[in-house]
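This briefing is intended for a reader new to the structure shown below.

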Amino acid sequence: MKILVVEDEKKISDIVKAYLQKEGYAVTVASTGSEAIDFLKEGFDLIILDLMLPDIPGEEICEMIRKDSDIPIIMLTAKSDEEDRIKGLGIGADDYVVKPFSPRELVARVKALLRRTKGNKRILSFNGGDLVIDTASLEVRKGNSPLTLTPTEFKLLSTIAERPGQVFTRLQLVNTILGYDFEGYDRTIDAHIKNIRHKIEDDPRNPSYIKTVYGVGYKFIGRLDED
Ligand code: CA
């Protein structure tokens with residue numbers, strides 16, 4: 001497993017690197033944003049990204065990465081204010097750790113995130129088998145009955161269900177369906193979500209799968225079943 005640590009404070013990157021190496025991860029450190037972008041081509045399993053970098057803000061790097069990759073990203077941030085955290089998750093980070101942090105906690109977050117994302121299971125089952133999404137056969141079952149979803153609905157649902165708990169902005173979801181950002185289109189995401197809710201939720205007004213995050217977008221809140 002290869003991890004890229006983007007952090008300009010050597011004191012911090014040294015500690016993080018040592019802790020991760022002790023756990024058997026191969027660690028590369030980038031001390032600037034442009035160095036990080038160069039390294040990215042090498043391919044990593046996870047990125048730890050500091051927000052305050054000398055050249056490019058970490059937020060910008062995160063958005064850049066998310067344009068063509070769903071690699072897990074943990075943000076390191078001194079900004080503990082809730083709005084900043086929501087913004088970080090909104091632009092595609094999977095998790096964040098607020099500085100000062102304990103290296104052991106960071107390692108635990110790395111492991112948890114890799115467990116969550118590495119599986120890339122083809123069959124996702126939620127809430128005790130109530131909702132099953134098969135990303136290979138493109139089938140969805142609700143309470144064991146097959147559902148008919150349009151290709152767009154399937155793409156939207158599987159995208160958010162693969163990352164329970166992650167907040168997706170409308171624009172990110174537009175990008176998922178169309179492959180590029182198109183501002184005028186983001187409100188139609190709401191219409192698609194409404195249709196999906198009518199198919200998968202017992203009570204669409206009190207959803208147990210797709211939650212609206214006001215002012216940001218949506219997140220999937222179903223409980224992934226253990227195998
Ligand atoms: Ca920094």
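Glu7 is located in the loop between β1 (2-6) and α1 (10-22). In this predicted model, the relative accessible area of Glu7 is 1%. Glu7 therefore counts as buried, the cut-off being under 20%.

**Surroundings of Glu7**
- The side chain of Glu7 reaches the backbone nitrogen of Glu9 at 2.9 Å.
- The side chains of Glu7 and Lys99 are joined by a polar contact of 3.0 Å.
- Leaving aside residues up to four places away in sequence, Glu7 touches Ile12, Ser13, Val29, Ala30, Ser31, Asp50, Leu53, Leu76 and Lys99.

**Thr150**
- Ala30, one of the residues that Glu7 touches, is 120 residues from Thr150 in sequence and 42 Å from Thr150 in space, C-alpha to C-alpha.
- Thr150 itself is found in the loop between β9 (145-147) and α6 (151-161).
- The relative accessibility of Thr150 is 34%, so this residue counts as partly exposed.

**Helices α7 and α8**
- The axes of α7 (residues 170-178) and α8 (residues 186-200) come within 8 Å and cross at roughly 80 degrees.
- On the α7 side, the contact is made by Arg170, Leu171, Leu173, Val174 and Ile177; on the α8 side, by Asp186, Arg187, Ile189, Asp190 and His192.
- The residues of this contact of α7 with α8 comprise five nonpolar, one polar and four charged.

Key: Residues are numbered from 1 along each chain as its sequence is written. This is a predicted model: local features need pLDDT of at least 70, side-chain atom pairs count only at pLDDT 80 or more; totals for chains, interfaces and linings use all residues. Side-chain values use heavy atoms; hydrogens and water are left out. Helices (H or I, at least four residues) and strands (E, at least two) are DSSP runs, numbered from the N terminus. Buried means under 20% relative accessible area, exposed over 50%, partly exposed in between (1.4 Å probe, protein chains only). Axes are lines fitted to C-alpha atoms, for helices over the stretch in contact, and angles run from 0 to 180 degrees between N-to-C directions. Contact means heavy atoms within 4.5 Å. Ala, Val, Leu, Ile, Met, Phe, Trp, Tyr, Cys and Pro count as nonpolar, Asp, Glu, Lys and Arg as charged, and the others, Gly among them, as polar. A polar contact is a pair of N or O atoms within 3.5 Å; within protein, one must be able to donate a hydrogen and the other to accept it, and residues adjacent in sequence count only if both atoms are side-chain atoms.
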